[in-house]
Amino acid sequence: MTVKRQYRLPSCTLTLEGLTASSSDLKSPLTVLMNAECHFPDADQPPLSGGREFLDSLITAVSRYGQQLLSGIARPPNRDDPGLVTLKADQGGGHHLTVRSTPLEGVVDPQAVPVVDIKLTTLQFHDLMEAIDQLLADSQTLPDLTSHLQSVPRQLVKSTIPMVQRATPAALGAATLAAAGLALFFVPVPEIKPPEVKPTVTRESSTAPPALPPDTPPQGDGTNSSPEDFSQSPAITDPNTLNLLQRNLTRTLQQGWPTDIKPSEDLSYRLVVSEDGDILAYKYENDIALGEVDRTPLPKLAFDPVGSLRSSQEPVAQFRATFSPDGEVVVKPWSAAEAATSSATPAPAELPEIANKIRGSDRIRQLNDGLYDRILSNLQPLSASEPLTYRVRLNQEGAIVAYAPVNAAAGLLAQETPLPQMVDNAASGADQLDFMVVFTPAGVLQVSPWDGWP
Amino acid sequence: MPVDSLTRSSPSPILAALPTPQISTPECPRRARIQIDLLLLATEALDLSSGETLLTLAHDLGLDSVVKGRVNLWLLRSTNPMRRYSQRRPMQLEEAKALVTLIGHQARRLTVLIRQLLMGYQQLTTQQLSPYHHLRLADYLSRFKSHFRARMNPRRAGVIVYDTDEKLDQLALELLGQLLLCSGVLGTQRLWVSLFDGEVQ
């Protein structure tokens with residue numbers, strides 16, 4: 001049975017003609033569409049009409065365009081099948097509905113197909129959409145038609161930022177890099193000069209092969225420097241610093257010494273340590289210490305200063321480290337007394353009381369001047385950073401019987417002063433007198449009677 | 001479509017008509033929050049009692065549990081990043097569904113007025129006259145402008161775009177057309193789906 005369904009809205013009328021599924025049942029839904037007609041009373045255009053293809057295309061186009069009006073995001077058109085109906089926005093806020101007629105048989109060129117173009121107002125479009133919505137919601141007409149509302153997927157949305165704008169930062173970066181590269185191309189490559197090594201004159205150098213060129217680093221048994229290299233370096237005299245260095249050194253050596261290998265007897269080394277605690281040099285003190293040196297942590301811990309640094313006047317402290325058979329490491333300052341004994345010069349720490357003091361101001365003045373002149377004539381530049389004060393004892397003839405350092409620095413640096421060489425072991429005499437000798441860091445020598453001027 | 005979970009979590013079957021979109025987060029995208037607030041702003045410009053009507057409508061539709069009152073509604077609308085007192089809180093999809101439903105009902109209630117205004121605007125456009133020649137339309141436009149300027153943060157990039165009267169008028173007319181499209185049988189669904197254009201996977 002042929003039925004007609006009409007969806008009438010103020011400015012759009014949609015009429016469908018078709019066949020019901022069952023001719024006897026009046027409530028049977030319209031299932032086969034024969035003709036669909038869309039008419040806009042306000043527009044002076046003949047009604048649009050077509051079959052199922054036209055209706056499907058109209059529904060799709062209206063749905064998509066309506067969604068585009070709501071969201072402002074257009075779904076890109078399907079290039080393969082543009083559909084019979086298309087909707088586009090007009091410049092003045094209106095809408096363009098274009099309908100291609102169903103291509104006739106034999107016509108190949110789709111451009112040749114006549115196109116109907118209707119300009120719609122927003123109200124007309126809304127009524128068209130509403131008519132379609134009512135049709136979609138109507139279960140009595142074409143129940144197979146349902147709304148397929150879908151959001152536009154992210155992939156289909158064109159970026160709102162144009163390509164040129166997006167590519168600008170990358171292009172700018174690449175151009176900057178190229179420009180920088182070009183500019184740096186003309187900058188000459190800096191030449192690298194190897195640091196010049198000054199040949200160091202050491203006491204042992206006489207035994208070393210003299211053919212070594214100055215640039216060749218001296219080859220040794222694990223360390224490149226010996227404590228004698230630092231004989232010209234100023235000594236650290238501050239007791240606190242020395243204590244700290246001693247403690248640190250003991251800990252470092254104890255930690256680095258694998259105690260599972262015990263030496264058969266004490267290994268004794270003389271160490272030169274910088275102010276930072278670096279072991280600058282070491283030397284064996286007994287023969288077994290030489291043989292067992294590779295078992296001690298010393299070769300690993302020894303800091304090998306580069307040649308230019310070695311000659312620098314870095315303050316150093318000297319220690320004696322003893323690795324005992326029971327796994328103990330004992331570090332003691334390399335005392336002035338030991339230094340004195342090592343150079344076989346007796347340096348009495350305390351001078352006995354003088355039995356008979358020299359009297360007579362003229363004689364005292366003469367002795368004073370004579371001592372001053374003799375010390376000055378033998379004086380070498382000292383590395384001390386504080387005044388070195390000594391008590392020097394002279395006999396009647398003016399020979400030095402003995403001397404004693406008064407302050408700690410004086411004890412450590414006694415070897416640098418001419419006093420040890422000037423001690424006359426044979427000198428004696430009943431009448432003696434003490435003088436105070438001070439070497440100031442500025443290089444000034446001061447000599448005065450210990451008990452003051454008469 | 002996860003229909004099961006939707007019906008279970010929906011406080012009202014009316015929200016079940018709106019499908020949950022396939023987006024990565026359970027929160028409303030930025031553009032959707034702006035659009036919802038602007039459409040509500042347009043209904044307020046059309047009808048001064050719109051705020052009250054919205055609450056009554058929410059009560060009638062059984063959406064009280066989502067839109068819990070005046071303050072809650074204000075908080076929801078303040079998720080619009082263009083607002084002066086924009087809230088950092090997210091807008092849940094459920095809350096967005098409720099607001100979209102309310103917008104659909106409001107638009108349907110105001111259909112006659114919206115049609116009148118659009119009709120008047122079209123007539124004035126064909127005569128090349130300014131929309132201010134239509135008394136009711138001029139009313140709507142000036143009210144929308146004052147609402148917009150009072151509530152939106154003028155330093156926001158999204159608001160700076162509408163710095164002139166003409167641009168705001170254009171926005172108001174655009175929203176009027178969108179409200180009309182929301183008023184139909186499937187208007188609410190169409191609006192809901194359009195909110196996630198360019199967001200779904």
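Let's start where the two chains meet: the contact takes 25 residues from chain A and 25 residues from chain B. Keep in mind that this is a predicted model. On the chain A side, two elements give two or more residues to the contact: helix 1, residues 52-71, and helix 2, residues 122-137. Helix 2 of chain A gives the most, with 9 residues.

Now chain A as a whole. Chain A has 11 helices and 16 strands. Of its 454 residues, 26% count as buried. Take the contacts in chain A with a separation of 6 or more: 63% of them come from residues 24 or more positions apart.

Next, one sheet in chain A. Three strands make an open sheet, in the order 5-6-7, with antiparallel pairing. Which strands stand at the edges? Strand 5, residues 85-89, and strand 7, residues 115-120, do. Each has a single partner strand, so one side of each is left without a neighbour in the sheet. Neighbouring strands here are turned by 20° against each other on average, ignoring direction. Look at the pairing of strand 5 with strand 6, residues 95-100, in chain A: 5 bridges join these antiparallel strands. If you want a pair to click on, A:Ala89 stands opposite A:His95 in strand 6 of chain A.

On to strand 10 of chain A, residues 316-323. The cut-off for buried is 20 or more other C-beta atoms within 10 Å of the residue's own.

Strand 10 of chain A pairs with strand 8, residues 267-274 of chain A, through 8 bridges, running antiparallel. It also pairs with strand 11, residues 329-333 of chain A, in the antiparallel sense over 5 bridges. Find A:Phe319 in strand 10. A:Phe319 is the bridge partner of A:Leu271. A:Phe319 also has A:Pro333, in strand 11 of chain A, as a bridge partner. Strands 10 and 11 of chain A form a hairpin, with 5 residues between them. In that turn, A:Gly327 has a positive phi of about 85°.

Now chain B, and helix 8, residues 135-151. First, a length check. At 1.5 Å a residue, its 17 residues should span 24 Å, and the end C-alpha atoms are 24 Å apart, which agrees. Which residues of helix 8 of chain B are buried? They include B:Leu137, B:Tyr140, B:Leu141 and B:Phe144. These cover an arc of only 95° around the axis, which puts them on the same side of helix 8 of chain B. What do the buried residues of this helix pack against? Helix 3 (30-46), helix 7 (111-126) and helix 10 (165-182) of chain B. Turn the helix around. The face away from the buried side carries the exposed residues B:Leu135, B:Ser146 and B:Ala150.

Last stop: B:Glu52, in helix 4 of chain B, residues 50-60. Is B:Glu52 buried or exposed? Exposed, because B:Glu52 has 11 C-beta neighbours inside 10 Å, and the cut-off for exposed is 12 or fewer.

Methods
Residues are numbered from 1 along each chain as its sequence is written. Chains are lettered from A and ligands numbered from 1 in the order in which they are written. This is a predicted model: local features need pLDDT of at least 70, side-chain atom pairs count only at pLDDT 80 or more; totals for chains, interfaces and linings use all residues. Two residues are in contact if their C-beta atoms, placed from the backbone, lie within 7 Å. Helices (H or I, at least four residues) and strands (E, at least two) are DSSP runs, numbered from the N terminus. Two strands pair if DSSP finds at least two bridges between them. Axes are lines fitted to C-alpha atoms, for helices over the stretch in contact, and angles run from 0 to 180 degrees between N-to-C directions. The expected span of a helix is 1.5 Å times one less than its number of residues. The arc is that of the directions from the helix axis to the C-beta atoms.
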